[in-house]
Amino acid sequence: MAAVCLYFQVHQPRRVKRYRIFDIGSDHHYFNDDSDGNLNNRKILEKVTKKCYLPTNAILTELLEKNPDFKVSFSFSGIFLEQLEEYLPDVLSSFQKLIKAGGKGEFPRVEILSETYYHSLSFLYSKEEFRSQVKLHRERIKSLFGREPVSFRNTELIYNNDIGKEVEAMGYRTVLTEGVDNILGWRSPNFIYQAAGTKHLRLLLKNYRLSDDIAFRFSSKEWSDYPLTAPKFAQWISSVNGNGEVVNLFMDYETFGEHQWEDTGIFEFLKSMPREILSHPDNRFVTPDEAVTLFPARDTLDIPGYISWADIERDLSAWRSNPIQHDALRSLYALEKRILQSGDKNLIEDWRRLQTSDHFYYMCTKWWNDGDVHKYFNPYSSPYEAFISYMNVLKDLELRLKQKSNRNRTRKSVSG
Amino acid sequence: MKVLMFGWELPPYNSGGLGTACLGLTKAMATQNVEVTFVVPYKVDVHLPHMKVIFAGMPVKIKGVKSLLYPYVTKEGYYSALSREKSPFYGCDLMAEVRRYSMLAAEIALSEDFDVIHAHDWLSFGAGIEAKKVSGKPLVVHVHATEFDRSCDHINQEIYNLEKQGMEAADKIIAVSQFTKSTIVNHYGISPDKIEVVWNGINADEFRHEDGENAVSVLKKGGYKIVLFVGRITMQKGPDYFLLAAKKVLQFNPKVYFVIVGSGDMEQQIMQQAAFLGISDKVVFPGFLRGEELNQVYRAADLFVLPSVSEPFGITPLESIVNGTPALVSYQSGVAEALKHALKVDFWDTDEMANKILAVLDNPSLIQTLQNNGHEEIKNFTWHSAASKCLNIYQRLFKRH
């Protein structure tokens with residue numbers, strides 16, 4: 001039996017606008033770029049909505065309505081959802097409608113996963129902050145979709161044994177992560193694994209070859225399997241029968257229409273792929289929670305070092321490989337205690353919005369040497385520009401924090 | 001392959017980047033079996049082991065005749081040089097002297113054996129054209145700068161005409177950047193197909209990395225930072241924008257010295273501007289420096305700034321990076337298109353220039369990241385690869401002939 005577990009990550013950061021040293025102390029709005037450029041968060045959200053979210057939602061909703069065997073799972077970052085609420089409530093409704101189309105019950109056909117609200121790297125710096133953000137995310141998911149997630153995926157599928165332990169203690173049954181070759185060795189990503197150091201936590205591993213065939217290679221004319229058709233892909237899935245139980249296809253939701261444009265035929269592919277897969281009697285679709293109920297863990301995976309789904313390295317280097325990234329992260333988390341103690345809602349929110357992993361991704365210089373595809377994802381003209389604006393913003397945040405604590409002190413001395 | 005090359009100057013007697021470029025290129029060619037005959041309007045005794053240097057005057061046997069042409073010469077500059085010489089041999093004005101020099105060059109072409117002619121910038125284009133006429137060999141003109149870079153909006157029409165004639169007569173044009181190629185296409189009406197871009201280089205292994213105390217490094221005592229400008233003090237190089245940015249930086253961080261290395265026609269004006277801005281005590285003018293002395297200043301600096309208004313390439317940022325000091329370069333430079341691991345700014349945006357200078361001074365991690373990556377990136381900029389590209393151009397022309 002080959003079960004297909006489809007999971008889409010839906011996320012948009014609040015990109016930091018160009019923020020100069022002269023803005024410190026006078027401009028406390030960090031994310032409100034209103035230019036025609038790539039730092040205008042609202043404009044980007046509108047663009048991606050038109051190209052991806054609305055058309056893809058329509059396709060998936062129809063698939064769910066017409067095909068009772070089709071299943072899918074989503075992880076929405078909180079920072080994405082709050083931007084939808086702020087700018088495009090209709091799109092939020094469209095997601096709500098899609099989720100409704102998957103029904104309710106023990107295993108709804110659309111599963112929603114847990115993650116950190118701010119799509120952050122908080123686990124690496126503060127477990128307390130990590131737990132707070134997971135809780136915030138749960139609350140938002142419950143209020144918007146009426147669901148209580150049981151499966152977890154950390155930002156960019158970052159995982160190690162410690163995360164497994166922590167997440168199990170928080171009550172989750174399953175974690176999604178990357179099927180990294182040097183962890184798996186001879187083993188296949190197409191089975192369920194037990195997480196080392198946990199009692200029952202199950203790991204679902206991304207089959208990166210088949211996932212990336214859609215997410216990255218779909219429109220690549222240099223690829224020997226171009227063009228990718230639904231029957232061809234379904235055949236690859238079917239060939240897993242006998243040597244695997246679940247094929248985890250994990251990718252950015254923006255694959256559909258944004259990374260792979262409409263004219264590549266990606267939407268036609270998505271429409272017919274489920275039917276083609278199900279045409280083989282041994283195939284089926286599953287959600288993550290259903291997968292770990294159906295299939296036993298075949299082995300235990302020990303993952304002491306951090307892995308992720310980013311780049312060929314599949315480690316933390318996309319966010320933490322040069323001095324500016326380390327410096328920005330260190331400076332950000334150094335503020336944690338004072339920010340939280342201030343009790344100031346706006347300060348805490350801005351500080352958390354600055355935790356989104358994308359900010360540090362934009363500062364990465366490792367792939368910049370060959371100027372490859374990653375440039376596509378960087379709205380700044382260089383990693384250095386990203387860093388300079390970010391550090392100026394942190395200075396302003398710190399200034400506000402100081403002013404706030406001065407005011408508090410004054411108030412105390414007045415009242416005391 | 002034998003090349004007859006016409007230049008302006010060669011180190012150590014150079015006054016600018018053109019001489020550095022000619023030497024780097026010629027040395028690299030010598031290692032690739034290219035025989036270079038380098039002709040300069042010079043009178044000083046220059047010995048370079050890999051090259052046969054001929055003075056423009058000598059082979060035409062006009063004894064004691066030297067050319068009064070010198071690099072970056074202007075009409076006025078020529079007159080004053082001429083008035084000092086009081087000799088009837090020289091041309092009565094700059095253009096006459098350029099024509100005279102071109103004719104002498106043509107005579108060298110008659111006596112030398114070569115396959116291709118390579119002329120650097122307008123001063124030697126006339127010589128290149130004459131050499132092509134008498135020898136029938138293909139001509140490559142190498143554009144390191146145009147009149148539009150040097151003179152901003154006060155174009156000398158005669159120089160412009162000479163440049164245009166050279167470009168038109170050439171079989172191939174080498175531009176030092178895409179930036180310069182666009183100038184040649186847009187202002188000289190040359191077809192882009194005729195122009196190839198060859199970035200300048202630097203021989204990183206020729207630089208030592210010893211820190212010595214010098215007049216500039218002592219400024220760092222007491223926790224001061226150093227922001228460096230190196231270049232001719234002329235409008236083209238944007239020293240005035242550098243000062244405007246300095247003023248803004250000092251408002252946020254008073255513990256910074258701005259060091260302006262070089263000399264030029266705007267020197268007095270820039271000193272006065274510093275006084276007018278009230279920052280004279282933070283702006284230092286050590287004069288023109290070269291060699292190890294200059295390298296020490298590069299190494300003492302925390303950041304190098306190239307604020308050029310129009311810079312065809314810009315070798316100084318490469319020199320700075322080789323010396324371990326990151327660079328902030330204007331987008332109006334060729335080097336901005338070549339370097340990824342440098343900070344960039346529009347020369348006129350002095351707010352942003354100050355913002356970036358302050359970011360570097362405030363964040364050691366930024367310096368470290370730029371250094372680490374710059375150290376790797378600079379390895380791609382070698383004179384060897386520039387010379388290979390030139391050689392490739394020669395070979396294609398040679399075959400066609």
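Predicted model: local features only at pLDDT ≥ 70, side-chain atom pairs only at ≥ 80, totals over all residues.
At the start of helix H13 of chain A, a side-chain oxygen of A:Asp344 reaches to within 2.9 Å of the backbone nitrogen of A:Asn346.

H13(A) covers residues 345-353, and its buried residues are A:Leu347, A:Ile348, A:Asp350, A:Trp351, A:Arg352 and A:Arg353. Perhaps you noticed charged names in that list. What does A:Arg352 pair with? A:Arg352 forms a salt bridge with A:Glu129, and the closest N and O atoms lie 2.7 Å apart.

To place these residues, look at how chain A is divided. The domain assignment gives domain 1 as 2-301 and domain 2 as 323-409. Taken over C-alpha atoms, the centres of the two domains are separated by 25 Å. Where they touch, domain 1 of chain A brings 38 residues and domain 2 of chain A brings 31 residues.

How much area do the two domains of chain A bury between them? The value is about 2800 Å², and 59% of it is on carbon and sulfur atoms. On the domain 1 side, A:Tyr30, A:Tyr118 and A:Tyr125 lose the most area to domain 2 of chain A, together 21% of what that side buries.

Charged and polar groups take part here too. Across this interface there are two salt bridges, and 17 residue pairs are in polar contact, counting pairs with both residues at pLDDT 80 or more. Helix H2 (78-87) and helix H4 (127-145) of chain A each supply at least two residues of the domain 1 side. H4(A) gives the most to that side, with four residues. By class, the domain 1 side has 14 nonpolar, 13 polar and eleven charged residues.

**The two domains of chain B**

Now turn to chain B. Its domain 1 is made of two stretches, 2-201 and 382-400, while domain 2 is 204-380. Here 27 residues of domain 1 are in contact with 21 residues of domain 2. The area buried between these domains is about 1700 Å², of which carbon and sulfur atoms give 59%. In domain 1 of chain B, B:Asp149, B:Phe179 and B:Trp199 lose the most area to domain 2, together 29% of what that side buries.

How many salt bridges are there between domain 1 and domain 2 of chain B? The count is zero, although seven residue pairs are in polar contact with both residues at pLDDT 80 or more. Helices H1 (17-30), H5 (147-151), H7 (178-188) and H15 (383-400) of chain B each supply at least two residues of the domain 1 side. H1(B) gives the most, with four residues. The domain 1 side divides into eleven nonpolar, 13 polar and three charged residues.

One loop residue of chain B is worth a visit. B:Asp171 is found in the loop between helix H6 (157-169) and strand S6 (172-175). The side chain of B:Asp171 makes a polar contact with the side chain of B:Lys132 at 3.1 Å, and also reaches the backbone nitrogen of B:Leu139 at 2.7 Å. Leaving aside neighbours within four places in sequence, B:Asp171 is in contact with residues including B:Pro138, B:Lys194 and B:Leu397.

**Where chain B meets chain A**

Finally, the two chains touch each other. This contact takes 24 residues from chain B and 19 residues from chain A. Together the chains bury about 1900 Å², 58% of it on carbon and sulfur atoms. B:Lys340, B:Asn355 and B:Thr369 lose the most area on the chain B side, together 27% of what that side buries.

There are six salt bridges between the chains. One of the charged pairs is B:Glu352 with A:Arg18, a salt bridge whose closest N and O atoms are 3.7 Å apart. Helix H8 (239-252), strand S13 (343-345), helix H13 (350-362) and helix H14 (364-377) of chain B each give two or more residues to the chain B side. H13(B) gives the most, with eight residues. The residues on this side divide into eight nonpolar, eight polar and eight charged.

| Interface | Buried area | Share on carbon and sulfur |
|---|---|---|
| Domain 1 and domain 2 of chain A | about 2800 Å² | 59% |
| Domain 1 and domain 2 of chain B | about 1700 Å² | 59% |
| Chain B and chain A | about 1900 Å² | 58% |

Technical notes
Residues numbered from 1 in each chain as written. Chains lettered and ligands numbered in written order. Heavy atoms only, no water. Contact = heavy atoms within 4.5 Å. Buried area = accessible area lost by both parts, 1.4 Å probe. Salt bridge = Lys/Arg side-chain N within 4 Å of Asp/Glu carboxyl O. Nonpolar A, V, L, I, M, F, W, Y, C, P; charged D, E, K, R; others polar. Domains from an automatic or database assignment. Polar contact = N/O pair within 3.5 Å; in protein donor to acceptor, adjacent residues only side chain to side chain. Buried < 20%, exposed > 50% of the residue type's maximum accessible area, 1.4 Å probe, protein only.
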